[in-house]
2 protein chains.
Amino acid sequence: MSTDDERHELLEQRYGKGKAPEGVRWNDQIAGMLRHRSVRAYLPDPLPEGTLETLVAAAQSASTSSNLHQWSVVAVTDPELKAEIAATTRMHSVDRGNPQINEAPLLLLWVADLSRSHAIATEAGDSGDVLEQLDTFLVAATDAALAAQNATVAAESLGLGTVYIGAARNKARELAEMIGLPPLSFVSFGLVVGVPDPERPARIRPRPAQELVLHRERYDTSAWREAADDYEEEFRTFREDVGLGHKTWRESVLMVSSGVEAMDGRQNLGETVRARGFLAG
Amino acid sequence: MSTDDERHELLEQRYGKGKAPEGVRWNDQIAGMLRHRSVRAYLPDPLPEGTLETLVAAAQSASTSSNLHQWSVVAVTDPELKAEIAATTRMHSVDRGNPQINEAPLLLLWVADLSRSHAIATEAGDSGDVLEQLDTFLVAATDAALAAQNATVAAESLGLGTVYIGAARNKARELAEMIGLPPLSFVSFGLVVGVPDPERPARIRPRPAQELVLHRERYDTSAWREAADDYEEEFRTFREDVGLGHKTWRESVLMVSSGVEAMDGRQNLGETVRARGFLAG
């Protein structure tokens, strides 16, 4: 396939037929990111030698606020521990476990981690109170996310599949105990990594037009509505194609924005995170 | 340069001579991420046509929690507005502005954005109270970071330079007003994008050994100390090479972990974010 054909095809899968933005520049890295899909069906195959070290090298190469490295990653491969984590973080609201955690050989738990900074501060005779600020919480969570996204791009470039596991926060307190996290750290999210099952291939999930998220010079509070309306068609077609029941995008937003029922325990995250030493300020 | 030579050279720049991890797998995408450096000196050249649309397409291709797209990006190119933002978010603690914001043609402000979800919930007759949870705050901040990191990888693949601007939070309230952000949104960080000045090239900044951040099966609370000790040599050499004064890595951690003086206003982030509708729960 020519580069132009590849660009055209991937942009139409990403934005819907006839809805791709104009003038997008192209190379293998950009094609790789446009090709992204969350993979929910894996082969049991182990990862090739050196894969974990490669993902961590990519992750460490991402920017980290003030070069402080306030994140960690726990690589879980033990099937028993994975099963325990999958069962604990199970989503009851939709009667769904996280079968990918058991299927795939690797679960990466991305940790927002101020514990090393806290140790360094207190061992120097400081209180470390600054680490209880919302800003430091956000810095650690952002560090973890930037690192994880580089690991994701690296994994996909190696032909592997990934899926983020927000449900890792469903039982934040229990998970922290299970993997022995120190105070001033918590698992922000998980990331499953494995070999995609070619018999159950994942699809590229379409996105709304750029106008939903992109603002020029100043924030435009109205432009998203037309983009959201236009998106409903792509959203419906995608759900039909992958065999999901009828639901509009707005309904999917409402499902998670209008009651704690769908939170599966994540409504307790604030309490857990505070108990772990964050956000006292 | 052969692939093996490139791998060897980039890994030694990233981890220090003789300290690279073994067995790292290699391709152009991974090389691109390993080559990352924060660029703080730019030419005034405008970005080629289609660059912004390309970065946003890459950003939208990142995973977004539950497909809710709870992030936005404000692309600032107006020199006057950039100058105003640079002056407002100036770091007084180190007597340093953010000259890159003025030098480079593009400043991307990455917004953790629950405002659309809130509008959809309240227009359907719901209170939207769920959006005041810490979990939803974290989801939006993570969405923004994953999107931004894809944009960074895309920019670098096009030969552009970037640098994250955490100082965008120094005056979070003022910046939100300046760019007209709606309630339930805030700028989590900025990202400068431009053409690197070849006369003032950036260096790859070394990272500590993988043992600082990587844990296997369960968190090991002690392994980071040896990695941190080993890192001091690379840290010192890097600072000498780029003409920075003497400081150990532990001292740099202490500088930001032992007093609000270095926070330049970011100690008010919690108050601002709460006033903007987050974290009431």
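Eight salt bridges are counted between chain B and chain A in this predicted model. The two chains bury about 10,400 Å² between them, with 60% of that area on carbon and sulfur atoms. A search of the whole structure also finds 15 aromatic pairs over all chains.

**Interface between chain B and chain A**

- One of the salt bridges joins the side chains of B:Glu123 and A:Arg225, at 2.7 Å from N to O.
- Polar contacts between chain B and chain A number 58 residue pairs, both residues being at pLDDT 80 or more.
- On the side of chain B that touches chain A, helix α7 (residues 134-157) of chain B provides the largest share, 14 residues.
- That side of chain B comprises 60 nonpolar, 35 polar and 22 charged residues.
- The contact draws 117 residues from chain B and 117 residues from chain A.
- B:Arg25, B:Glu217 and B:Tyr219 contribute 8% of the area that chain B buries against chain A, more than any other three residues.

**Aromatic pairs**

- A:Phe137 and A:Phe186 are stacked, at 5.5 Å centre to centre with 5° between the planes.
- This pair links distant parts of chain A, 49 residues apart: A:Phe137 lies in helix α7 (residues 134-157) and A:Phe186 in strand β4 (residues 185-194).
- A:Phe137 is buried, with a relative accessible area of 0%, and A:Phe186 is buried at 2%.
- B:Phe186 and B:Phe278 form an edge-to-face pair, at 5.5 Å centre to centre with 90° between the planes.
- B:Phe186, in strand β4 (residues 185-194) of chain B, is 92 residues apart from B:Phe278, in the segment after α11 (269-275) of chain B.
- Both B:Phe186 and B:Phe278 are buried.
- Ring pairs link A:Phe137, A:Phe186, A:Phe278, B:Phe137, B:Phe186 and B:Phe278 into a cluster.

Note on methods. Residues numbered from 1 in each chain as written. Chains lettered and ligands numbered in written order. Predicted model: local features only at pLDDT ≥ 70, side-chain atom pairs only at ≥ 80, totals over all residues. Heavy atoms only, no water. Phe/Tyr/Trp six-rings, centres within 6.5 Å; stacked < 30°, edge-to-face > 60°. Helix = DSSP H or I, 4+ residues; strand = E, 2+ residues; numbered from the N terminus. Buried < 20%, exposed > 50% of the residue type's maximum accessible area, 1.4 Å probe, protein only. Contact = heavy atoms within 4.5 Å. Buried area = accessible area lost by both parts, 1.4 Å probe. Salt bridge = Lys/Arg side-chain N within 4 Å of Asp/Glu carboxyl O. Polar contact = N/O pair within 3.5 Å; in protein donor to acceptor, adjacent residues only side chain to side chain. Nonpolar A, V, L, I, M, F, W, Y, C, P; charged D, E, K, R; others polar.
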